[in-house]
Amino acid sequence: MFKNSNIVCLLLVVSAIFWAMACASSPDVEDTTSKVLTINAIKDNPDGYAGRTVLLTGRFKGWEGPCKEAPPKTRSDWMLADDTGCIYVSGSVPKGLRPMSPNDEPVTLTGVVRLTKQGVPYLEAQHP
């Protein structure tokens, strides 16, 4: 009987540890599903956001914006800027916008954060 109670206690402790780990969230990465992130948040922690789906709001900069690096995937990648920085977006340009003549149109989009070989983050746009 004594052996069985030890096993039960051990199982309860292990279960509690797994439950606590499952409920814990990473303090370095914000919740990406319920609020709009800033570009700077992603650039400050690219590894923490890599592979995660995020929601970004910014101004459409087309092909001639403030991003310093080269387009991550193709020459058709376009720029999104907010008050904290600039990030490239790989994917179709939002309907009605022209990448050769952007007018700082507001854009909100969902996408997956990807990293270049050099570790620079960009957004892979998701289309509805």
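The model is predicted, so local features need pLDDT of at least 70 and side-chain atom pairs count only at pLDDT 80 or more, while totals for chains, interfaces and linings use all residues. Residues are numbered from 1 along each chain as its sequence is written, and side-chain values use heavy atoms, with hydrogens and water left out. The chain holds 3 helices and 5 strands, where helices (H or I, at least four residues) and strands (E, at least two) are DSSP runs numbered from the N terminus.

**Fold**
- Along the sequence, the elements follow the pattern α-α-α-β-β-β-β-β.
- The 5 strands form a closed barrel in the order β1-β2-β3-β5-β4, with mixed pairing; two strands pair if DSSP finds at least two bridges between them.

- Of the 128 residues of the chain, 31% count as buried, which means under 20% relative accessible area, with exposed over 50% and partly exposed in between (1.4 Å probe, protein chains only).

**Charged side chains**
- The whole structure has 5 salt bridges, each being a side-chain nitrogen of Lys or Arg within 4 Å of a carboxyl oxygen of Asp or Glu.
- One of them joins Lys61 and Asp104, whose closest N and O atoms are 2.6 Å apart; because Lys61 lies in strand β1 and Asp104 in the loop between β3 and β4, the pair ties together parts that are 43 residues apart in sequence.
- Lys61 counts as buried at 17% relative accessibility, whereas Asp104, at 37%, counts as partly exposed.
- Lys43 and Glu69 also meet in a salt bridge (3.7 Å, N to O), linking helix α2 to the loop between β1 and β2.
- Lys73, Arg114 and Glu124 are linked in a network of salt bridges.
- Asp82, in strand β2, is buried yet has no salt bridge, as the nearest side chain of opposite charge, Arg59, is 6.3 Å away.

Note on methods
Lys, Arg positive; Asp, Glu negative; His and termini not counted.
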